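Here are some friendly notes to read alongside the structure.

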Protein chains: 2
Amino acid sequence: MSSYPDSVERLISEFTKFPGIGKKSAQRMAFHVLMSKNEQSDHLAQAVMDVKTKILLCSCCGGITEKDPCHICSDPKRDKNLICIVEDPADIYSFERMGIFRGLYHVLGGVISPLDGIGPDNLNINSLLNRVHEGMELILATNSSIEGDTTALYLGKIFSEKGVKVTRLARGIPVGGDLEYIDEATLQRAIEGRTQL
Amino acid sequence: MSSYPDSVERLISEFTKFPGIGKKSAQRMAFHVLMSKNEQSDHLAQAVMDVKTKILLCSCCGGITEKDPCHICSDPKRDKNLICIVEDPADIYSFERMGIFRGLYHVLGGVISPLDGIGPDNLNINSLLNRVHEGMELILATNSSIEGDTTALYLGKIFSEKGVKVTRLARGIPVGGDLEYIDEATLQRAIEGRTQL
């Protein structure tokens, strides 16, 4: 059996490091690069380098940006009394795509996970303490996982002592979801959180 | 709605050019690059550049290689009287993974496709004519599409006039295939090509 030339093998192995990209997809991607015009692969390599040199973390919210503070934190039209707390910078864009959230964000940079050795001290919580003042609302938008819930509980406890309104995203049936396929835990949350028509 | 920083947007758009990579996957990949160590993204960019500078097409078979002729064409243990004709360089590695094919390859660089303006003159057929001599066998391994079949028919006609044995890959039920889910065309080919036990 003959294997790919070294440089192709190396590119395939780089592509398999991406989340959700298996060996077969990586091979297709490597051949796509091979068969593309030089100009196009230059653009790809340049884009990879650019993203690493140009992007920094906003000193205020911890989101990604090309200039500090980011354009969300420096937008005067945003509601400074409403902060949505997320795990990762990518989560900010899930809210932004929705197009109606007018508050600010704060990126924790992870969640409390004792098994991975990540405690509250490893998260971006101190800078959040500096941003929070009485009368504002914090929306805890960590993921709906055990670690996400633990982190939300922990933050809820800290901040509710500071006279801050702390909320958590609603749990329930996703829009378009079919009851037949909804798991029990979600259905239980949907009943607990039922609203009056 | 706020969009990604420019450099991130650009990287996402580069990733969406890959086959099978949609907007969501490209976003995940871009954030993976962002969150990876500088060293790792350097490796990726370098691997993309390397593959374009180091890889050339073998002057004999048209496959990809780092030195010409490729190690398959220059392997003295390979059977020079058996050439497997494929559409693309990537197809060679499907046969090589099998590990038992001991002949040589020839890459057409496409298939006859009048709708796309690709005729026999656009394919790597002349160099194949120079490699072929009486008494050898050509295996036509173009894809099982209309264009692949047309190309195989065309080549079969040319080469059977030259005293060459021309064969085509067998069509039938894939190993592990369930009869319930096999399409009619495949089943018809499987019956036509049935073998005696």
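1. A definition to begin with: two strands pair if DSSP finds at least two bridges between them. Please also keep in mind that this is a predicted model.

2. With that in hand, look at strand 5 and strand 6 (residues 165–168) of chain A, which pair in the parallel sense over four bridges. Within this pairing, Glu137(A) has Lys165(A) in strand 6 as its bridge partner. Further along, Leu140(A) stands opposite Arg168(A), again in strand 6 of chain A.

3. Strand 5 of chain A (residues 137–140) also has a parallel neighbour in strand 3 (residues 79–86) of chain A, and four bridges join the two. One bridge to pick out here is that of Cys84(A), whose partner in strand 5 of chain A is Ile139(A).

4. How does the chain get from one strand to the next? In chain A, strand 5, helix 6 (residues 146–160) and strand 6 make a β-α-β unit, and this unit is right-handed.

5. Chain B deserves a look at the corresponding place. Strand 5 (residues 137–140) and strand 6 (residues 165–168) of chain B run parallel and are joined by four bridges. In chain B, Leu140(B) stands opposite Arg168(B) of strand 6. The β-α-β crossover from strand 5 of chain B to strand 6 of chain B passes through helix 6 (residues 146–160) of chain B and is right-handed.

6. Stepping back to the domains, chain A is assigned domain 1 (6–54) and domain 2 (70–168). The C-alpha centres of these two domains of chain A lie 34 Å apart.

7. In general, most peptide bonds are trans. The bond from Asp68(A) to Pro69(A), however, is cis, with omega near -5 degrees, and Pro69(A) is found in the loop between strand 2 and strand 3 of chain A. In chain B, the bond from Asp68(B) to Pro69(B) is cis too, with omega near -5 degrees. Pro69(B) has its place in the loop between strand 2 (64–65) and strand 3 (79–86) of chain B.

8. Now to the interface. In chain A, 54 residues are in contact with 54 residues of chain B. The size of an interface is often given as the accessible area lost when the parts come together. For chain A and chain B the buried area is about 5000 Å², with 68% of it on carbon and sulfur atoms.

9. Which polar features cross this interface? Between chain A and chain B, 12 residue pairs are in polar contact, counting residues at pLDDT 80 or more. The elements of chain A that give two or more residues to the side touching chain B are helix 1 (6–15), helix 2 (23–35), helix 3 (38–54), strand 2 (64–65) and helix 4 (89–98). Helix 3 of chain A makes the largest share of that side, with 14 residues.

10. Last, the charged pairs. Side chains of opposite charge can pair when their charged atoms come close. The whole structure holds 20 salt bridges over all chains, and two are found across the interface of chain A and chain B. Have a look at the salt bridge between the side chains of Asp50(B) and Arg10(A), at 3.5 Å from N to O. This pair crosses between chains, from helix 3 (residues 38–54) of chain B to helix 1 of chain A.

Terms used: Residues numbered from 1 in each chain as written. Chains lettered and ligands numbered in written order. Predicted model: local features only at pLDDT ≥ 70, side-chain atom pairs only at ≥ 80, totals over all residues. Heavy atoms only, no water. Domains from an automatic or database assignment. Right-handed = clockwise from strand over helix to strand, strands pointing away. Contact = heavy atoms within 4.5 Å. Buried area = accessible area lost by both parts, 1.4 Å probe. Salt bridge = Lys/Arg side-chain N within 4 Å of Asp/Glu carboxyl O. Polar contact = N/O pair within 3.5 Å; in protein donor to acceptor, adjacent residues only side chain to side chain.
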